[in-house]
Amino acid sequence: MIENFDPVLLARIQFAFTVSFHILFPAFTIGLASWLAVLEWRWLSTGESSYAQTYRMWVKIFAVTFGMGVVSGVVMSFQFGTNWAAFSDKAGNILGPLLGYEVLTAFFLEASFLGVMLFGWNRVSPRMHFASTIIVAVGTVTSAFWILSANSWMQTPQGYRIGEAGLVYAVNWLEVIFNPSFPYRFVHMVTAAYLTTAFVVGGIGAFYLVSGRHQKCARVMFGMAMIMAIFVSPLQFFLGDQHGLNTLKHQPAKVAAMEGLWETRIGAPLNLFGWPDQEAEKTKYAIEIPKLSSLILTHDLNGKVVGLKAWPKEDRPPVWIVFWCFRIMVGLGVLMILTGLAALVLYLKKQLFEARWFHYWCMAMTPAGFLAVLAGWFVTEVGRQPYIIYGVMRATEAVSPVGAPPMAMSFTAFVLTYGFIFGAGTYYILKLIRKGPDSEEEVYGAHGVKKPPLLTGLVSEKGGPNV
Amino acid sequence: MFSFESFLDLPLIWLCLIGAAIFLYVLLDGFDLGIGVLFPLAPTDQCRDRMMNSIAPFWDANETWLVLGGGGLFAAFPLAYAILMPALYIPVILMLLGLIFRGVAFEFRFKATRYRRLWDYSFHFGSLLAALMQGMILGAFVRGFHIEGRSFAGGSFDWLNAYSVMTGIALVFGYALLGATWLVMKTDGVTQQWARRSASYVLAYVGFFMVIVSISMPMINAGVKNLWFSMPMFFYLLPMPVLTAGLFVQIWRDLRGTSEYRPFVLSLLVFLMGYIGLAVSFWPWIVPFSVTFRQAAAAGSSQSLLLVGTVILLPVVLTYTAFCYYLFRGKASHEGAY
């Protein structure tokens with residue numbers, strides 16, 4: 001029975017699952033690492049202990065999340081070959097070096113200094129520890145730089161030529177790395193990661209405010225998160241718009257799918273909601289706002305927007321996924337901006353830390369960033385179908401000679417494993433949240449250990465108990 | 001478009017670099033996988049805490065060498081990557097699943113109270129599975145792969161046979177030796193005594209399997225036989241098995257003595273000998289016995305670009321890796337996490 005499944009479809013589903021699972025962790029740790037660096041800086045410059053307590057609570061959550069990010073990331077580095085061998089062969093000349101640079105400039109940095117960050121408290125000076133936190137934060141952003149460059153090249157390839165056996169060769173590396181969609185995607189994604197973290201931290205801070213625990217730390221968390229919501233959410237809306245205009249220029253079919261537009265029109269309306277029907281080639285039950293699509297995309301009420309029918313049927317992406325994920329992403333973005341506005345108003349009325357309803361609202365917004373990141377990636381990845389390298393190679397030509405049964409088995413294994421691991425990880429993170437920041441006196445160890453933890457020097461151990 | 005092809009033998013340089021990365025991975029993740037293999041055999045829970053703490057600051061960076069090996073293979077020899085990954089699909093996926101279960105166990109175990117035992121076993125079986133699969137991948141390598149054109153054309157289970165099972169078990173013991181001798185170095189008291197006993201027990205098995213692999217490789221493959229048993233190669237290569245035998249004797253004596261560092265260092269050398277032996281036998285194949293490393297090499301410009309970065313960054317990586325090992329020197333405690 002399994003033999004009858006389409007290996008391409010299975011390879012796609014399996015890859016979509018493992019990569020979607022993986023992106024949840026970087027989306028959170030990129031922002032968290034930078035925030036931890038800010039916290040430690042505030043602590044070192046003010047000496048205020050609530051910063052240190054907040055740091056030490058969140059560094060544990062960071063460690064759990066980072067651990068899950070690492071193990072799901074190692075999987076990704078092999079998935080290009082296991083699922084997309086033909087693609088690896090063809091595009092290896094370009095993507096290989098980009099991924100190689102990611103490992104050399106980011107992965108080793110993060111992995112090595114994470115050890116210092118977690119276990120180095122009594123072995124390095126506070127300055128060196130602060131430096132380690134910054135290095136880890138820089139590492140996470142560097143990693144995003146390379147992987148988004150690679151992804152963006154697959155979306156908007158340039159600086160290459162097709163040579164013998166259909167292999168892709170680099171002609172100009174700067175053009176490859178800084179391909180047209182890369183700057184937009186990089187800025188949009190890193191900002192998304194910062195917002196994801198801000199809403200998680202804000203939600204947890206709100207939880208402590210509501211439950212009346214850890215008030216000092218809760219104010220640090222909630223206050224800093226709301227600063228992000230006020231200033232960065234509107235900025236992200238602008239960056240997203242710029243990214244969209246860039247997509248319109250290089251991948252117009254994706255934008256047409258996002259808008260659910262089938263006909264090429266002057267003064268195209270905006271389909272607020274509706275049901276895009278791939279077979280009937282129209283968006284059913286559409287609620288339209290006249291001319292708005294043209295205004296947004298061309299900044300002109302009577303601008304021309306190309307519809308999906310301009311492409312042959314086999315060159316169109318699955319429209320409803322792109323259409324709906326785009327609305328989910330934008331909707332969540334609007335809610336984030338509203339949250340920021342409400343926070344600003346409450347702050348000016350000096351009720352930010354008192355308005356109970358708003359704290360419940362922020363608790364509800366905790367997963368908003370994750371959902372928006374996933375929805376956004378679905379838009380951009382499904383929207384570039386049927387291509388794996390836009391305009392150069394189709395996903396159907398990229399698959400490995402593996403066959404359906406092993407693909408189906410590995411998919412099942414990944415779903416079970418990730419479900420179990422994710423459940424356990426969430427459980428332990430919730431446990432850390434329930435416990436909250438340590439009180440001041442036991443601030444050094446995670447388990448009430450007051451002396452230097454983990455590894456003690458040779459001398460002190462000789463006198464210790466024989467274990 | 002710059003390229004160093006005209007004056008550098010790029011494929012050879014990259015073969016050495018990838019070979020070194022994979023070897024470093026085998027050594028570094030070898031000892032922490034080995035600790036996972038030995039984990040449930042430790043006499044007490046405090047011993048287990050110590051074992052875990054002795055590798056907690058390092059495991060993540062150790063595993064990054066695997067990513068460098070995989071990513072580097074993709075970058076420098078994309079054809080080999082594109083053939084080997086589908087050919088080794090099932091063992092690679094199983095290895096990754098094993099690495100997931102053991103990797104998350106580090107963090108979860110520190111946080112767990114009620115389910116700590118669950119993560120003990122997750123760590124153990126994950127490590128065991130990863131080690132076994134890596135050994136079986138080696139076994140599949142020895143037998144070679146069925147290729148047509150530029151892609152793998154064999155079956156999903158070509159890698160599975162009695163020989164690969166044997167090499168799988170062999171590597172499990174090999175990693176256990178690294179793990180046990182690491183513990184001799186990084187712990188004391190009861191844990192160290194137990195590690196010494198385990199190491200000498202495991203050492204016998206490692207020796208046994210090394211002999212089997214060394215005898216079987218020339219028997220399976222005529223090319224390997226010609227290489228090792230032709231004059232004058234035989235005499236050039238003869239020092240290697242002799243030296244290896246000497247290493248075994250010395251480890252055996254050190255484990256009975258008081259030396260704490262030497263068993264680990266000498267075990268690393270045993271691995272080095274085994275690795276060189278395999279490298280010599282596989283030369284010049286990167287996908288045995290169909291694709292040479294020159295055929296699989298990426299374009300000169302691609303190899304050049306990454307070489308620039310590697311020449312600058314690899315020494316930096318090695319420096320701060322060494323710094324971390326220096327920072328967390330000394331004996332591991334069973335207490336606390338962080």
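**Entry 1: helix α13 of chain A**

I started with the buried residues of α13(A), and they are P406(A), M407(A), S410(A), F414(A), Y418(A), I421(A), A424(A), G425(A) and Y428(A). "Buried" here means that 20 or more other C-beta atoms lie within 10 Å of the residue's own, with 12 or fewer for exposed and partly exposed in between; C-beta atoms are placed from the backbone. Helices are DSSP runs of H or I with at least four residues, strands are E runs of at least two, and both are numbered from the N terminus.

Why the spacing in that list? An α-helix has 3.6 residues a turn, so residues three or four places apart point the same way.

Next I looked up what they pack against: α1 (7-46) and α2 of chain A, together with α5 (89-111) of chain B. I checked the length too: at 1.5 Å a residue, the 32 residues of α13(A) should span 46 Å, and the end C-alpha atoms are 46 Å apart, so the two agree. The expected span is 1.5 Å times one less than the number of residues. After α13(A) comes G436(A), with a positive phi near 75°.

**Entry 2: a note on the model**

I must remember this is a predicted model, where local features need pLDDT of at least 70 and side-chain atom pairs count only at pLDDT 80 or more, while totals for chains, interfaces and linings use all residues. Residues are numbered from 1 along each chain as its sequence is written, and chains are lettered from A and ligands numbered from 1 in the order in which they are written.

pLDDT is the predictor's confidence in each residue, from 0 to 100. Chain B has a mean of 87, and 98% of its residues reach 70 or more. Within chain B, confidence is lowest in helix α9 (residues 222-228), at a mean of 79, and highest in helix α7 (residues 162-186), at 93. For the complex, the predictor gives an ipTM of 0.83 and a pTM of 0.86.

**Entry 3: where A meets B**

How many residues does the contact take from each chain? I found 73 from chain A and 75 from chain B. Two residues are in contact if their C-beta atoms, placed from the backbone, lie within 7 Å. On the side of chain A that touches chain B, α3(A) gives the largest share, 23 residues.

**Entry 4: chain B overall**

I noted 14 helices and four strands in chain B. Its C-alpha trace spans about 55 × 45 × 40 Å along its principal axes. Of the 338 residues of chain B, 56% count as buried.
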